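Opening the notebook on a new model today. I want to go through the charged side chains and jot down what turns up.

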Amino acid sequence: MRGKVETWRSIWIHVKVKRAIPLRLLHDGPDTVEELLDRHLVKKNKKENDDEDELLNRRRLTSTRREALSLYRDILRATRFFMWPDSRGVLWRDVLRDNARREFEEARFESDPEIVTRLLIGGREAVHSAIDKLAEKQRQQIQKDRGGDQR
């Protein structure tokens with residue numbers, strides 16, 4: 001049976017080299033419906049999709065990396081104002097910088113964007129609250145000094 005189908009599918013062309021080359025009139029189609037669908041349906045290119053995901057992740061990482069570096073710099077700037085020593089005689093500035101460095105190192109390889117965002121937000125809030133408390137204490141000290149001068 002296959003031989004008869006093949007004769008209908010092919011026309012033999014004789015070339016000047018005196019060889020017969022089969023010319024297909026019908027395509028060599030798939031044997032099953034699955035093969036037909038697999039061949040003709042548009043498939044997502046995994047490589048292209050992976051490249052887009054990687055680019056998006058790099059942008060996210062770049063953004064969070066920038067935010068983390070900005071937060072770290074803000075912490076270092078804020079610690080300049082903590083110039084008094086603790087009970088051991090070490091400046092609070094150095095204690096705060098060491099703690100910040102340790103926390104950043106612990107979170108260095110965190111890849112979950114939600115956790116990274118929480119850490120950044122928490123760090124930002126901690127810096128702002130520390131600066132606000134320091135400013136309030138400074139105001140109270142100034143008020144106390146002014147009150148003592150007037151008496």
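Is Glu 105 buried, partly exposed or exposed? I get 35% relative accessibility, so Glu 105 goes down as partly exposed (buried is under 20% relative accessible area, exposed over 50%, partly exposed in between, with a 1.4 Å probe and protein chains only).

Ground rules before going on: this is a predicted model, where local features need pLDDT of at least 70 and side-chain atom pairs count only at pLDDT 80 or more, while totals for chains, interfaces and linings use all residues. Residues are numbered from 1 along each chain as its sequence is written, and side-chain values use heavy atoms, with hydrogens and water left out.

Next I looked up the partner. Glu 105 forms a salt bridge with Arg 101 at 3.4 Å, N to O (a side-chain nitrogen of Lys or Arg within 4 Å of a carboxyl oxygen of Asp or Glu). They sit about one helical turn apart because four residues separate them in helix H4 (helices are DSSP runs of H or I, at least four residues, numbered from the N terminus). Arg 101 is partly exposed at 46%.

I then checked helix H5, residues 113-150. Glu 136 and Arg 139 meet there in a salt bridge of 2.9 Å, N to O, and being three residues apart puts them about one helical turn from each other.

I also noted a salt-bridge network linking Asp 74, Arg 77 and Arg 124. My count for salt bridges stands at eight.

Last entry: Thr 79 is in the loop between H3 and H4 and is buried, at 3% relative accessibility.

Methods
Helix = DSSP H or I, 4+ residues; strand = E, 2+ residues; numbered from the N terminus.
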